[in-house]
Amino acid sequence: MARLRVGVIGCGTVAQIMWLPNLRQLDEQFELKAICDLSPGLTESLGRYYNVSRCFQDYRDLVAEDLDAVVVLTPGSHAAPAIAAMEAGKHVIVEKPMCFTLREADEMIAASRKHGRQLMVAYMKRYDPGYRYGRESVLKMRGVRYAQINVLHPSEPQYFAHHRIKRFADVPAATIEALQREGDQLAVEAIGCVPERLRFLYLDVFLGSMIHDVNALRGILGVPNQALFTTLWPDDVTYPTIRGRGPCSPGRI
């Protein structure tokens, strides 16, 4: 069986801790052919370390390569590079979150169907033996009326300390600012003109962390019919679900 030729877009923390080492370890199934990151110093360093000669700063250059699949690991929404890869005939797997808005999700699904390419979101917890054991146990229960998710997040410095992580301060400030503006615009589209605190909770806490736990819960109990409200702790503030969304309405959280 021929190895899958893989390109990786985004070479930050999750790429260096998980994806790149795993692709190298599974070299009988995968061939790492190309990498892409906004940092030229980072792609050069990782290219040498992983023996990858095709290194790019623009994801559009990577998806034009002769690849079977593309892994999207960039910060923020993954819609644009994922759609570009599928339009170029590549299968795609994206890290969480899939994207920031319902519109982007619909466009990604439409691109997958139009071009006949597989699109997968990397909710790896569903494949964890502990999760599968727990799911089987819950499915044996009858009359479940209450479920609770507890997020036990490790200290990031301790979590990262024993890994080989490279970082370079060589991305132009204008590029970073443009990406931040784009992220802010998508956040407004998703949840409206809300206070900075709510935007942080949506983008960093929910989409950045708790989305894994919510996905695991959905995998066990199924997709809920409706979300009635969201309560933030320790703020102890409850936000009801609002269906109408204008350009600056609270939207749905």
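Trainee: How many of the nine residues of H4 are buried?

Mentor: A word on the source before the count. This is a predicted model, in which local features need pLDDT of at least 70, side-chain atom pairs count only at pLDDT 80 or more, and totals for chains, interfaces and linings use all residues. Residues are numbered from 1 along each chain as its sequence is written, and side-chain values use heavy atoms, with hydrogens and water left out. Helices (H or I, at least four residues) and strands (E, at least two) are DSSP runs, numbered from the N terminus. Buried means under 20% relative accessible area, exposed means over 50%, and partly exposed lies in between (1.4 Å probe, protein chains only). Seven of the nine residues of H4 are buried, so H4 is largely enclosed by the rest of the structure.

Trainee: Which residues of H4 are buried, and what do they pack against?

Mentor: The buried residues are Ala79, Pro81, Ala82, Ile83, Ala84, Ala85 and Met86. They pack against strands S1 (4–9), S4, S5 (91–94) and S6 (119–121), and against helices H3 (59–63) and H5. Contact here means heavy atoms within 4.5 Å. After H4 comes Gly89, with a positive phi near 90°.

Trainee: At what angle do H4 and H5 pack?

Mentor: Two packed helices are described by the angle between their axes and the distance between the axes. Axes are lines fitted to C-alpha atoms, for helices over the stretch in contact, and angles run from 0 to 180 degrees between N-to-C directions. For H4 and helix H5 (residues 102–115), the angle is about 10° and the axes are 9 Å apart. H4 and H5 are therefore roughly parallel to each other; angles under 35 degrees count as roughly parallel, over 145 as roughly antiparallel, 65 to 115 as roughly perpendicular and the rest as oblique.

Trainee: Which residues of H4 and H5 meet?

Mentor: From H4 there are Ala79, Ala82, Ile83, Met86 and Glu87, and from H5 Glu104, Glu107, Met108, Ala111, Ser112 and His115. By class, this contact has six nonpolar, two polar and three charged residues. Ala, Val, Leu, Ile, Met, Phe, Trp, Tyr, Cys and Pro count as nonpolar, Asp, Glu, Lys and Arg as charged, and the others, Gly among them, as polar. For the spacing within a helix, recall that an α-helix has 3.6 residues a turn, so residues three or four places apart point the same way.

Trainee: How do H6 and H9 cross, left-handed or right-handed?

Mentor: A crossing is left-handed if the near helix is turned anticlockwise from the far one by less than a right angle, and right-handed if clockwise. The axes of H6 (residues 129–139) and H9 (residues 196–221) come within 9 Å and cross at roughly 45°. H6 and H9 are therefore oblique to each other, and their crossing is right-handed. On the H6 side Tyr131, Arg135, Val138 and Leu139 take part, meeting Ala216, Gly219, Ile220 and Leu221 of H9. This contact of H6 with H9 comprises six nonpolar, one polar and one charged residues.

Trainee: Is His78 buried or exposed?

Mentor: His78 is found in the loop between strand S4 (69–72) and helix H4 (79–87). At 1% relative accessibility, His78 counts as buried. A polar atom of its side chain lies 2.7 Å from the backbone oxygen of Pro97. A polar contact is a pair of N or O atoms within 3.5 Å; within protein, one must be able to donate a hydrogen and the other to accept it, and residues adjacent in sequence count only if both atoms are side-chain atoms. Beyond its neighbours within four places in sequence, His78 is in contact with residues including Val72, Val94, Cys99 and Met108.

Trainee: With what does the side chain of Thr43 make a polar contact?

Mentor: Thr43 is in helix H2 (residues 40–50) and is buried, with a relative accessible area of 2%. Its side chain makes a polar contact with the side chain of Gln57 (2.9 Å). A polar atom of the Thr43 side chain also lies 3.0 Å from the backbone oxygen of Pro40.
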